[in-house]
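Hi everyone, thanks for making the time. Let me put the structure up, and then I'll walk you through it.

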Amino acid sequence: ASQTSIRRISILLCGLWLLLVAPSSSLALPFSSFIISSQQNIMVKSSYTRPGVEAAVRLVNLKNDITTWKNIESKYKDMLQKKGGKKLVELDQVCDDLGIQLHSPSPSSNKKRITKDELLQLIEWKFTKGKPRYALYTYLRSNTDASVIQASSLAFTHADKDDAKGAIDAFCKLKGVGPATASALLCLYKPDMFAFMDDEVIECLYEGTRGYTVKIYLDVNQKCCELAKTLNKIEKDKKKLWTPCRVGKTLWTATRIAATCATKEEDLTLVQTVDGSKTSKKSKENESKKKESAKKEYKVVTPKKTAAKKDKVVTPKTSATTRKTKNVNENDENVTSTKRRRVLPPRNAKKQST
């Protein structure tokens, strides 16, 4: 009874510590954010609402295979073409150009910001790439150009101070703008700090049900940052480092490849790289089986060295039955030979009679 009471008290104290002390400490991050940093694998859920998310989970667990990550990343434009055609490819290029402008603003502009038209272009790219929510267009168009400039410049100021939550909250003050739309803008401005909140990326990295709150985005974004750090440790090209934005793009590409590929062999997350060459798991098993069967069929027997022996006359072995028949035949011959013999009287018999 004393042991159970001690356990209950310890559990109660731990709960109080989590409620009072943990929020003000560095351990306030959710427990799921430590999955990647502790080098543990993410468990596959029983079901996903977006197709191909299992491939993204497999890719996360291949975080030490930089070659597979790069191979999947190279298919990004192709997946955009399959998803939204030429329109989505052009919109994606418009967003990339906007990101370049934000990184190098003109000397005349004192603040980094975006306009209302640029916001609507960003929304069109987001709806074409993911699930469109056309009901938000009414709220988005109700924003004035001045309000968009003010909110975006404030969000960029928080981002420069490495305040991710402040940047999200500042941009979400606009009508129709949530954490997902804010992440689409912030990943263009600071890709080394923000990842885009794709539905597939949320389902891949977030343990609970997919949602679009600030808390969920910060959790997912933290995991993208941890993945980028892990990949940069083994990245040889230091001029092109991995960022949370780049990680999110690659995870989205992995889901689209798995969702649109005709065969499982086209899914690059099911391919392991060995010395730069790609071999699937099935082909590796078949090759190992072939090698084992070849070894069994073609065994090389090395002759043993033996000393020279003298030639011996080998007499054929006879079975017991043949031996019995031989003995019987020999006895019969002896009997017949004794019968055929002529019994002669002794030579001295006549002399004795006379």
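Let's start at Ala 167, which, leaving aside its neighbours within four places in sequence, is in contact with Ala 155, His 158, Ala 159, Leu 186 and Phe 194. Contact here means heavy atoms within 4.5 Å. Ala 167 lies in helix α9, residues 164-171. Helices (H or I, at least four residues) and strands (E, at least two) are DSSP runs, numbered from the N terminus. Is Ala 167 buried or exposed? Ala 167 counts as buried, because its relative accessibility is 0%. For the cut-offs, buried is under 20% relative accessible area, exposed is over 50%, and partly exposed is in between, with a 1.4 Å probe and protein chains only.

A word on where the values come from. This is a predicted model, where local features need pLDDT of at least 70 and side-chain atom pairs count only at pLDDT 80 or more, while totals for chains, interfaces and linings use all residues. Residues are numbered from 1 along each chain as its sequence is written, and side-chain values use heavy atoms, with hydrogens and water left out.

Ala 167 and Ser 183 are 16 residues apart in sequence and 9.2 Å apart in space, C-alpha to C-alpha. Ala 151 is found in helix α8 and is buried, with a relative accessible area of 8%. Not counting residues up to four places away in sequence, Ala 151 touches Ala 170, Phe 171 and Leu 174.

In the loop between α8 and α9 you'll find Asp 162. This residue has a positive phi of about 60° although it is not a glycine. As background, most residues other than glycine have a negative phi. Asp 162 is exposed, at a relative accessible area of 56%.

Zooming out for a moment, the chain has 16 helices and two strands. Buried residues make up 35% of its 354 residues. Of the contacts in the chain with a separation of 6 or more, 63% are between residues 24 or more positions apart.

Now for helix α5, residues 76-103. How far apart are its end C-alpha atoms? They are only 23 Å apart for 28 residues, short of the 40 Å that a straight helix would reach at 1.5 Å a residue. That expected span is 1.5 Å times one less than the number of residues. And where does α5 bend? The bend is at Gly 84 and comes to about 125°, taken as the angle between axes fitted to the seven residues ending there and the seven starting there.

The buried residues of α5 include Tyr 76, Leu 88, Asp 92 and Cys 95. As a group, the buried residues of α5 pack against α4 (66-73), α6 (116-129), α8 (145-160), α10 (179-189) and α13 (244-260). His 103, also in α5, counts as partly exposed at 45% relative accessibility. Not counting residues up to four places away in sequence, His 103 touches Leu 188, Tyr 189, Lys 190 and Pro 191. The C-alpha atoms of His 103 and Leu 188 are separated by 8.7 Å, and the two are 85 residues apart along the chain.

Last topic, the aromatic rings. Rings of Phe, Tyr and Trp (its six-membered ring) pair if their centres lie within 6.5 Å; planes under 30 degrees apart count as stacked, over 60 as edge-to-face and the rest as tilted. By this rule the count comes to seven aromatic pairs. One of them is Tyr 76 with Trp 252, edge-to-face, at 5.8 Å centre to centre and 70° between the planes. This pair links distant parts of the chain, with Tyr 76 in helix α5 and Trp 252 in helix α13, 176 residues apart. Tyr 76 is buried at 7% relative accessibility, and Trp 252 is buried at 1%.

Trp 125 and Phe 196 form a tilted pair, 5.1 Å centre to centre with 50° between the planes. Trp 125 lies in helix α6 and Phe 196 in the loop between α10 and α11 (199-205), so the pair ties together parts that are 71 residues apart in sequence. Both Trp 125 and Phe 196 are buried.

Thanks, everyone, and over to you.
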